[in-house]
Amino acid sequence: MLKLHDIFLRKFLILFGVVFFVIGTVSYFWIKNIYIEQTKIDLIHNIDIFSLQVKDFDYLEEQIMAIKQVIGLRITIIDKNGKVIAESDEDKSNMDNHLNRTEILESKYNKLGSVVRYSKTIKKDFLYVSKRKILNNESYYIRMARDLDKINEEYLYLTFKVAILLVLFIIVFFVVALKISKKVEFETNMILDFLNNLLKQNKSLKIESNYSVEFKKITKILTKVAESLAKKDKQKSKYTAKLKLSNRQKDDIISAISHEFKNPIAVISGYSQTLLDDKDLNANIRDKFLDKIVSNSEKLTNMIDRLRLSIKLDEGKQPSRFVPTNITLLTKGIIDDLRVTYPSRDINLKASDLVLDVDETMMSIAITNLIENALKYSQDAVNITIDKTKFSVEDYGIGVSSKDKLKITDKFYRVSNNGWNNSMGVGLSLVLNILNIHNFKLDIQSQENEGSTFSIIF
């Protein structure tokens, strides 16, 4: 019979090897397709850049040869009738009419065409991308192609580097697993000694295991320990119920946070990887990518800040500072900020000046949450009304069912139907906590598929 750490180490290595082989094989072909698609995107970018540089058709051959020296791609210019008017890798006079080429036909009707095929002219396989452009008020096809052998060579080189990293990872992982297995053996022996000292009484319960030498010893001792704990079963059941409730709450928190964090993290990761992979990316496109990364980073920061504030409010650790505040001016500033995020939406405000003693920062968060929820879950205009008794936000969106209306202010409660998910379940709970601090009330009036009105009652 093997010892526990030997069983752990052997089965772990077998499982890791199988998983590594399967994932590695699938990833190889999957990433290869991604690499080819990225190459297509690069060719499209090059076509767009080249089309902007073409000014003089009298020196078109010289221009494409100069570009080829820089980017190393095959470049062909074809007129609307299929005649090759410029070619970087072959004498254009020896080339057939290209109007029926697959990539040209696609770009003729879809403006963009691509294909991997064998070139009878060059005697090689190429990845072709063709795009229809208007140059000098005439329709032309700009086609760029990359040698498929070079693409495969670059991908194999990339695969080789990744394989080296994975091998190093396996070695490190093996060393760590070995240390863990030794630690398991040491800890198990400590547990055995501890249980031997703990044993005092007997009872009629029994547990048995032959999985390993250590488990066999542990179960023999646990049988005697269990007998001494029979009178405490009732207390243990209550404690277990509390643990299950705690675990469910933990799972709800993790599920809510992971759901909301997944999209911005994926956006940041995707755009960052593109910037790292493509050093020659167009400057305008690079700036757009960076803007996306920054905006999603700010989104993550806001999520974390909301969650942190909600926890502090629950624990009563968030200090408040009440000062006379013009609620109407505060709301106008919030609306101006939201119009930047939602430029195509109408936000109507009907209000008279209202000054209240509030914590300005907290009240700003509460008002922002209510208005942004209305913008998220409706398509029509959002109407905001402020008078001496209440602040109201009205939308004509999907609404909330009567069942869910009773629960949407609960922390981490998320409604899955109709697309109404209350962000990560913190937004309305946070609003309610803020209003409780101010001795205000939250009133919710809603009809499914007709709209909702969320009101702060002063």
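Helix H8, which runs over residues 327-341, has 15 residues and reaches 21 Å from its first C-alpha to its last, close to the 21 Å expected at 1.5 Å a residue. The model described here is a predicted one.

- The buried residues of H8 are Ile327, Thr328, Leu330, Thr331, Ile334, Ile335 and Leu338, and they lie on the same side of the helix because they cover an arc of only 150° around its axis.
- In an α-helix there are 3.6 residues a turn, so residues three or four places apart point the same way.
- On the other side of H8, the residues Leu329, Asp337 and Val340 are exposed.
- The cover over the buried residues of H8 includes one helix, H9 (360-376), together with the strands S6 (323-326), S7 (347-351), S8 (355-358), S9 (382-386) and S10 (390-395).
- At the start of H8, the backbone nitrogen of Thr328 has a side-chain oxygen of Asn326 within 3.0 Å.

**Ile335 within H8**

- Ile335 is a residue of helix H8, and with a relative accessibility of 4% Ile335 counts as buried.
- When residues up to four places away in sequence are not counted, Ile335 touches Ile347, Leu349, Ile371 and Ile384.
- Ile335 and Ile367 are 32 residues apart along the chain, and their C-alpha atoms are separated by 9.7 Å.

- The buried residues of H9 are Met362, Met363, Ala366, Ile367, Asn369, Leu370, Ile371, Asn373, Ala374 and Leu375.
- The largest nonpolar core has 33 residues, of which Met363, Ile367, Leu370, Ile371, Ile384, Phe391 and Val393 touch the most other members.
- At least two residues of this core are supplied by each of H8, S8, H9, S9, S10, helix H11 (427-437), strand S11 (441-447) and strand S12 (451-457), and H9 gives the most, with 8 residues.
- Ile371, leaving aside its neighbours within four places in sequence, is in contact with Thr331, Ile334, Ile335, Leu338, Ile384, Phe391 and Val393.
- A second, separate core consists of 21 residues, among them Val54, Ala86, Ile142 and Leu148.

**Asn383 in strand S9**

- Asn383 is placed in strand S9, and the C-alpha atoms of Asn383 and Asp395, which are 12 residues apart along the chain, are separated by 6.5 Å.
- Apart from residues up to four places away in sequence, Asn383 touches Asn348, Ser392, Val393, Glu394 and Tyr396.
- The side chain of Asn383 makes polar contacts with the side chain of Asn348, at 2.9 Å, and with the side chain of Tyr396, at 3.1 Å.

**Lys133 in strand S4**

- Lys133 lies in strand S4, which covers residues 124-135, and its relative accessible area of 18% makes Lys133 buried, because the cut-off for that class is under 20%.
- The side chains of Lys133 and Asp48 are joined by a polar contact of 3.0 Å.
- Not counting residues up to four places away in sequence, Lys133 touches Ile47, Asp48, Ser51, Glu138, Ser139, Tyr140 and Ile142, and Ile142 is also included in the second core of 21 residues.

**Aromatic pairs**

- A search of the whole structure finds 3 aromatic pairs, and in one of them the rings of Phe126 and Tyr128 have centres 5.7 Å apart and planes at 45°, so the pair is tilted.
- Phe126 counts as buried at 4% relative accessibility, and Tyr128 is likewise buried, with a relative accessible area of 1%.
- The rings of Tyr271 and Phe289 have their centres 4.5 Å apart and their planes at 55°, so this pair is tilted.
- Tyr271 counts as partly exposed at 24% relative accessibility, whereas Phe289 is buried, with a relative accessible area of 17%.

Note on methods. Residues numbered from 1 in each chain as written. Predicted model: local features only at pLDDT ≥ 70, side-chain atom pairs only at ≥ 80, totals over all residues. Heavy atoms only, no water. Helix = DSSP H or I, 4+ residues; strand = E, 2+ residues; numbered from the N terminus. Expected span 1.5 Å × (residues − 1). Buried < 20%, exposed > 50% of the residue type's maximum accessible area, 1.4 Å probe, protein only. Arc of directions from axis to C-beta. Contact = heavy atoms within 4.5 Å. Polar contact = N/O pair within 3.5 Å; in protein donor to acceptor, adjacent residues only side chain to side chain. Core = buried A, V, L, I, M, F, W, Y, C linked by side-chain atoms within 4.5 Å. Phe/Tyr/Trp six-rings, centres within 6.5 Å; stacked < 30°, edge-to-face > 60°.
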